[in-house]
Amino acid sequence: MQGNVIHKSGDYRGTNPNMVDYEVERASFTWEQARRALDGLPGGRGLNIAHEAVVRHASGPRRDHVALRCIGRHGGRLDVTFAELDERSSRFANVLSALGVQAGERVFALMPRTADLYVVALGTLKRRSVLCPLFSAFGPEPIRQRLELGGGRVLITTPTLYRHKVSGIRDRLAELRHVLLAGGTAAPGATQPEATLDLEALLGEAEGEYEIGPTDPEDMALLHFTSGTTGTPKGAVHVHDAVISHHATGRIALDLHPDDVFWCTADPGWVTGTSYGIISPLVHGVTAIVDEGDFDAKRWYEVLEREAVTVWYTAPTALRMLMQAGASMAKDYDLSRLRFIASVGEPLNPEVVVWGQEVLGLAIHDNWWQTETGGIMVANYACMDIRPGSMGRPLPGVEATVLVRDDQGKVVVGDNGAAVEAVVGQEGELALRPGWPSMFRGYLGNPERYQSCFVGGWYLSGDLARRDEDGYFWFIGRGDDVIKSAGHLIGPFEVESALMEHPAVAEAAVIGIPDPLLGEVVKAFVTLHAGYESNEDLRLDLLGFARKRLGAAVAPREIAFDQHLPHTKSGKIMRRLLKARELGLPEGDTSTLEVRP
Amino acid sequence: MTSDEALVLMRSVLRQVAPEADLDEVGEGETLQEALDLDSIDFLNFVIGLAEATGLEMPERDYDQLSTVAGCVHYLSTSH
């Protein structure tokens, strides 16, 4: 099952890894020790992510080091030093203070990847308010739902995003007090939309100094929404203590060194883009590349070459798109500065790992984690041999296992109350022993759902995996109906609900179907009300309807008509059966299937 | 292909990828992706749709020439 192993020859392009021996590090690592690598707030006033990420560098030898190199969508480049980022984020903390925004209140950012997003993120953390970044490719409905569930007090966005996605839902957001618009309202002829404020003007008026108040490491810092099979998205709560994980994983799993130029291509609207796009590189005091533009093969190679990126953290879909663009394109660029490449989001197919070696001259290191874990949990490391297709081995300080599941998909618990661990090679649910700093501390307002993630002292990831005889973990698939497309989780219920709002739709069922580029694509099956005819015009109308509400990131890519969706006797749609039928797989246990005459 | 034919083709391909998107909403100099809220996969599908309809080969290195309305029209009307 392992295929070809990629052996590490000890050639690290002139930079020895931070971790030279996995077993040794694993034996000696403690989170207490990892905590000591950080400063803490002066005077023993606690631990605050913004202090570790910016303030301590701005008041030390790295104050004039470039923290962010921001590349504009249409070109142009802006360097921001740690000192500048510190000053501007302090202004933003003062803006929040002047608006009466309190510690613990949620500040949402729906913004493109620009320096302002970082200013908002760090200023919010300085203020001890809670940052909730949203992906700007979300449509109005996911935005509304998350703002409502998260009790958003403040939203920072741009005039364009506000006009397209927020103005139409604003009156339904009773708790939202302030909307600040970044970049653009000052343009000639532009007028400030009603009931919004100009971020730039507020920053200009604010003081550039801000003293971070006492911060308990357990104070809520970040809120990230993720999708489940049923119901609304879940807001995973992370605390300031998480910065210990962000730092430790940056050192061990991403191998960050002080002179690195690091590019994490994820949008901060997804947890990777916050933990590793914002926090980890800044905590390490390295230069982070921030590209406002969307994926484009040529653009990405140009960025890697021109900015002399040394450590690159990206996603399988992007790598597969680069692969598709052809090896000859890569040959046009000098990528010799690259030293370490990592990937996350879904399993990296062995061909991509091998392509990395052949075309980029470097193996690609897959790793695994999720919104709830807040940071990398299982990884392939610079010093460790790679088994292409495997997610690697648990981070030092993290205990991972595979738990046996019964026919209903429930983890089996023995008479002693302990969950039963799978033997080598046996499939089961990937689980982690709680206790690492960036573990989520709850789903906002939903303690039952949080509790249900733990069985017999393990956190259940919802992912199916197996472990080989040498402790490498191999991803099998999701253990539930959640769809993983381009590395992002999409809840079928969220998509079905949006489709059901269309007058023609009586019922909808949404599944993920395998796709060579995206891992899975979202496909919807709809049953029409009597009187509606299934035809191409209606199919396109439904597609456009869903995209308008949900945005391109969540909406189905395919829609099919189906007047006979499979149901359980209790009336629930059997998505699993639908998927089996669609893929021509065995239909499994259908004892609960309702048979219609 | 004339400019008008190029526009007609673009509309018809776009309708398959993103039926809600209106080409008239794209301002001069704006990228299709930005103005129409298309993600990278939408854009890829759009280009693939154009390539299939015209029989032209559209390699990834040309994608930036296809990112705006004017760029697309120019590309389609000058390629053979």
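**Helix packing and the core**

Mentor: Helix 3 of chain A passes helix 5 of chain A in a left-handed crossing, and please keep in mind that this is a predicted model.

Trainee: At what angle do helix 3 of chain A and helix 5 of chain A pack, and how is helix 3 then described relative to helix 5?
Mentor: The axes of helix 3 and helix 5 of chain A lie 8 Å apart, and the angle between them is about 120 degrees. Because angles of 65 to 115 degrees count as roughly perpendicular and those over 145 as roughly antiparallel, this angle makes helix 3 of chain A, relative to helix 5 of chain A, oblique.

Trainee: Which residues of helix 5 of chain A meet helix 3 of chain A, and how does the contact divide by class?
Mentor: From helix 3 of chain A come A:Ile49, A:Ala50, A:Ala53 and A:Val54, and they meet A:Leu122, A:Leu125 and A:Lys126 in helix 5 of chain A. By class, the contact of helix 3 with helix 5 of chain A holds no polar residues, 1 charged and 6 nonpolar.

Trainee: How many of the residues of helix 3 of chain A are buried?
Mentor: The buried residues of helix 3 of chain A include A:His51, A:Glu52 and A:Arg56. Those that are buried pack against helix 4 (82–98), helix 5, strand 8 (220–226), helix 9 (243–252) and helix 10 (271–283) of chain A. Helix 3 (residues 49–58) of chain A is therefore largely enclosed by the rest of the structure, the count of buried residues being 10 of the 10.

Trainee: Which element gives the most residues to the largest nonpolar core?
Mentor: In this core of 200 residues, A:Ala109 and A:Val495 touch the most other members. The element that gives the most to this core, with 8 residues, is helix 5 (residues 115–126) of chain A.

Technical notes:
Residues numbered from 1 in each chain as written. Chains lettered and ligands numbered in written order. Predicted model: local features only at pLDDT ≥ 70, side-chain atom pairs only at ≥ 80, totals over all residues. Core = buried A, V, L, I, M, F, W, Y, C linked by C-beta atoms within 7 Å. Buried ≥ 20, exposed ≤ 12 C-beta atoms within 10 Å, placed from the backbone. Helix = DSSP H or I, 4+ residues; strand = E, 2+ residues; numbered from the N terminus. Contact = placed C-beta atoms within 7 Å. Axes fitted to C-alpha atoms, helices over the stretch in contact; angles between N-to-C directions. Parallel < 35°, antiparallel > 145°, perpendicular 65-115°, else oblique. Left-handed = near helix turned anticlockwise from the far one by under 90°. Nonpolar A, V, L, I, M, F, W, Y, C, P; charged D, E, K, R; others polar.
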